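Welcome, and please have your viewer ready. We will go from one selection to the next and look at what is there.

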Amino acid sequence: MLTVETTKTWLSLFIEKLEMNEKYLNTLDESIGDGDHGANMLRGAQYLKAKLAEDTQSGSAELFRMAGMSFIQKTGGAAGLLYGQAFLHMSQSLQEGDDLLGILASGLEGIKKVGQAELREKTLVDVWIPVTEDVRNKRLTLDRINEHVISTKDFKAKKGRAAYVSEQLNGHVDPGAASCGYFFEAMLEAGVY
Ligand code: ADP
Ligand code: MG
Ligand code: MG
């Protein structure tokens, strides 16, 4: 159930995972990008963490709007805009009373509007799309999330910085797919699903 409490727990667990895995995400980005994905995500996460700590009255939609603005303003780069738009779309969807499936579908719309990525182009869409399908089919587990993240290893990057590196089919997990995996692990652990 998506309540104010579970939404806060979802976002807080996501922040915690980004804090714990900053170095790992940077390392993944070193292989196929510019090595800053962990640091970028951490900036948005820590800004959001401070906002959440002082918040007492926001509803779920407002909390996701707060998350969207935090990532747009503080994370920057490709990921800041992508996560930012995803969260803003989720906020709008929550306001309209959609269920979790509708909210995730709206988030994906936001990501696609910014980045136009398709499946198998080595981006967070490669996690977001199959996770949404798993929620639709009531079969989402931590293992499945992890499999979706790992699946990006062998995709050839066609979007973002990674598209420019010479060794495109390189056996490395996409950093954005990995951070997206944390977002959905947090969703499961928060009991939203
Ligand atoms: P930057 O590339 O600006 O340094 P980050 O390193 O923070 O930004 O984020 C890189 C991640 O963003 C990639 O691993 C990928 O998952 C995601 N990404 C990049 N471009 C796109 C896009 N067009 N659509 C979806 N995701 C993208
Ligand atoms: Mg980067
Ligand atoms: Mg960068």
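Predicted model: local features only at pLDDT ≥ 70, side-chain atom pairs only at ≥ 80, totals over all residues.

**Stop one: a helix pair.** Select residues 125–136, helix α7, together with residues 142–151, helix α8. Their axes cross at roughly 150° and come within 9 Å, so α7 and α8 are roughly antiparallel to each other. The crossing of this pair is right-handed. To see the contact, show the side chains of Asp126, Val127, Pro130, Val131 and Asp134 on α7, then Arg144, Ile145, His148, Val149 and Ser151 on α8. Coloured by class, the contact of α7 with α8 shows five nonpolar, two polar and three charged residues.

**Stop two: aspartate 174.** Now move to the loop between α8 and α9, where aspartate 174 sits. Is aspartate 174 buried or exposed? Aspartate 174 is buried, because 31 other C-beta atoms lie within 10 Å and 20 or more are enough to count as buried. Beyond its neighbours within four places in sequence, aspartate 174 contacts Lys122, Thr123, Asp126 and Thr152; Asp126 also belongs to the α7 side of the helix contact.

**Stop three: ligand 1.** Select ligand 1 and the 23 residues that surround it. The closest are Gly77, Gly115, Thr123, Gly160 and Gly176. Helices α3 (37–54), α5 (77–95), α6 (100–115) and α9 (175–189) each supply at least two residues of this shell, and α5 gives the largest share, four residues. By class, the shell has nine nonpolar, eight polar and six charged residues.

Key: Residues numbered from 1 in each chain as written. Chains lettered and ligands numbered in written order. Axes fitted to C-alpha atoms, helices over the stretch in contact; angles between N-to-C directions. Parallel < 35°, antiparallel > 145°, perpendicular 65-115°, else oblique. Left-handed = near helix turned anticlockwise from the far one by under 90°. Contact = placed C-beta atoms within 7 Å. Nonpolar A, V, L, I, M, F, W, Y, C, P; charged D, E, K, R; others polar. Near = placed C-beta within 6 Å. Buried ≥ 20, exposed ≤ 12 C-beta atoms within 10 Å, placed from the backbone.
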